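Reader: I am new to this structure and would like to learn how its features are read, one at a time. Could we go through it slowly together?

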Amino acid sequence: MGNCISFTALQNWWLKQCFSGAGLKSTTTDLGDGTVMHCWVPKSHKPTKPTMLLIHGIGANAMWQFNDFITPLCSQFNVYVPDLVFFGNSYTTRPDRTEAFQAQCVMRVMETYGVQRMHVVGLSYGGFVAYSIAVQFPDAVDRLVIAAAGVCMEETDLDGGLFQVRSADEAIAILLPQKPEKLRELMEFTFYKPVKILPSCFLNDFIEVMCTEYLQEKTELIHALHKDRKLSDLPKITQPTLILWGEHDQVFPLELGHRLKRHLGENAQLVVMKNAGHAINAEKPKEMLKHLKSYLVDPLPPQHESNGRNPKAE
């Protein structure tokens, strides 16, 4: 963009003010193994509030994906919003690219802040990480929300024609756009009603600021997500689970939402959001917020009630 003002950088600055104004602060945690995690955490953890962990998907940093939710959620929850490894200011020198590793990194951050129990909300790629947290750390998760995340997909689904794309490489070229035409294609792919007029200068600015860093590592994350994936290998979780899905999702077709519901049985409920694509957080923020609050604000059974904080860590 040369000497021009970057709209993307300006928007990123504004989002930081919004998160701070909602009662969060920006923190960085060195996990000591070559991994550094950035996370927005409460300026003051309130013992009277339940704790919520929000996990973002592929794309810009967590602020861009959860800004519409952060103020209303912070009024009722102690909200923690990490940037996953290779997003925002989080990174690692370790070679692991699995969602299980991402889940372990997130939980190590939560342990740093003394958080023992929480509700976990995962959006798209973040849903894979959230599901892995529920599998690996079952005692830490009260309720789970999986939003537009194809955790039940199988590697063979690509060849089977379930997806709009024919290969992982084709999906990566769209999900990690490096040219304006690919960013437009991404919006067509993820929105039910995408914005039609987007000047290339704005798209180039967004790509330069948000889409060029850790490109190879993000490519490896997506490859690791589907490689050798089989539904028969997916553990069943025991936590109550809400599944949110856009009716016209082209990234992870609705069939995967139904498949997850069948996999989890009576322990889960599926809500299909009408006139929405994959980006339900951007297209239907008010409706998604309504479902989150109605599912997570209800009183929990006595054995699950917790404010999420370990008093010994205070």
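Reader: Which residues in helix 7 meet residues in helix 8?

Author: Please keep in mind that this is a predicted model. In helix 7, the residues Pro-180, Leu-183 and Arg-184 make the contact, and in helix 8 their partners are Ser-200, Leu-203, Asn-204, Phe-206 and Ile-207. Sorted by class, this contact of helix 7 with helix 8 has five nonpolar, two polar and one charged residues.

Reader: How are helix 7 and helix 8 placed, and at what angle do their axes cross?

Author: Two packed helices are described by the distance between their axes and by the angle between those axes. Here the axes of helix 7, residues 180-190, and helix 8, residues 200-211, come within 9 Å and cross at roughly 90°. Because angles of 65 to 115 degrees count as roughly perpendicular, helix 7 and helix 8 are roughly perpendicular to each other.

Reader: What do the axes of helix 3 and helix 4 do, and which residues make the contact?

Author: The axes of helix 3, residues 99-112, and helix 4, residues 125-136, come within 8 Å, with a crossing angle of roughly 70°. That value makes helix 3 roughly perpendicular to helix 4. On the side of helix 3 the contact includes Glu-99, Gln-102, Val-106 and Met-107, while helix 4 contributes, among others, Tyr-125, Phe-128 and Ile-133. By class, the contact of helix 3 with helix 4 has eight nonpolar, four polar and one charged residues.

Reader: Which residues touch the most other members of the largest nonpolar core?

Author: The largest nonpolar core has 64 residues, and those that touch the most other members are Leu-53, Tyr-131, Ile-133 and Leu-144. If neighbours within four places in sequence are left aside, Leu-53 is in contact with residues including Tyr-80, Val-106, Met-110, Val-121 and Ile-133. Apart from this core lies another, of 33 residues, among them Leu-54, Cys-74, Ala-147 and Ala-276.

Reader: Is Ala-62 buried or exposed, and what does Ala-62 touch?

Author: A residue counts as buried when its relative accessible area is under 20%, and Ala-62, at 0% relative accessibility, is therefore buried. Ala-62 is found in helix 2, residues 62-74, and, not counting residues up to four places away in sequence, Ala-62 touches Phe-19, His-56, Val-81, Pro-82 and Asp-83.

Reader: Where is Ser-167 found, and how does its accessibility compare with the cut-offs?

Author: Ser-167 is found in the loop between helix 5 (156-160) and helix 6 (168-175). Its relative accessible area is 29%, and Ser-167 is partly exposed. Its C-alpha atom is separated by 9.9 Å from that of Glu-155, which is twelve residues apart from Ser-167 along the chain.

Reader: Which residues does UniProt list for a domain?

Author: The unreviewed UniProt entry lists residues 53-288 as "domain: AB hydrolase-1". In the model, the end C-alpha atoms of residues 53-288 lie 16 Å apart, and the span is 45% helix and 15% strand.

Conventions
Residues are numbered from 1 along each chain as its sequence is written. This is a predicted model: local features need pLDDT of at least 70, side-chain atom pairs count only at pLDDT 80 or more; totals for chains, interfaces and linings use all residues. Side-chain values use heavy atoms; hydrogens and water are left out. UniProt positions are given in the numbering used here, feature names are shortened, and annotations may be inferred rather than shown by experiment. Helices (H or I, at least four residues) and strands (E, at least two) are DSSP runs, numbered from the N terminus. Axes are lines fitted to C-alpha atoms, for helices over the stretch in contact, and angles run from 0 to 180 degrees between N-to-C directions. Angles under 35 degrees count as roughly parallel, over 145 as roughly antiparallel, 65 to 115 as roughly perpendicular and the rest as oblique. Contact means heavy atoms within 4.5 Å. Ala, Val, Leu, Ile, Met, Phe, Trp, Tyr, Cys and Pro count as nonpolar, Asp, Glu, Lys and Arg as charged, and the others, Gly among them, as polar. A nonpolar core is a set of buried Ala, Val, Leu, Ile, Met, Phe, Trp, Tyr and Cys residues joined through side-chain atoms within 4.5 Å. Buried means under 20% relative accessible area, exposed over 50%, partly exposed in between (1.4 Å probe, protein chains only).
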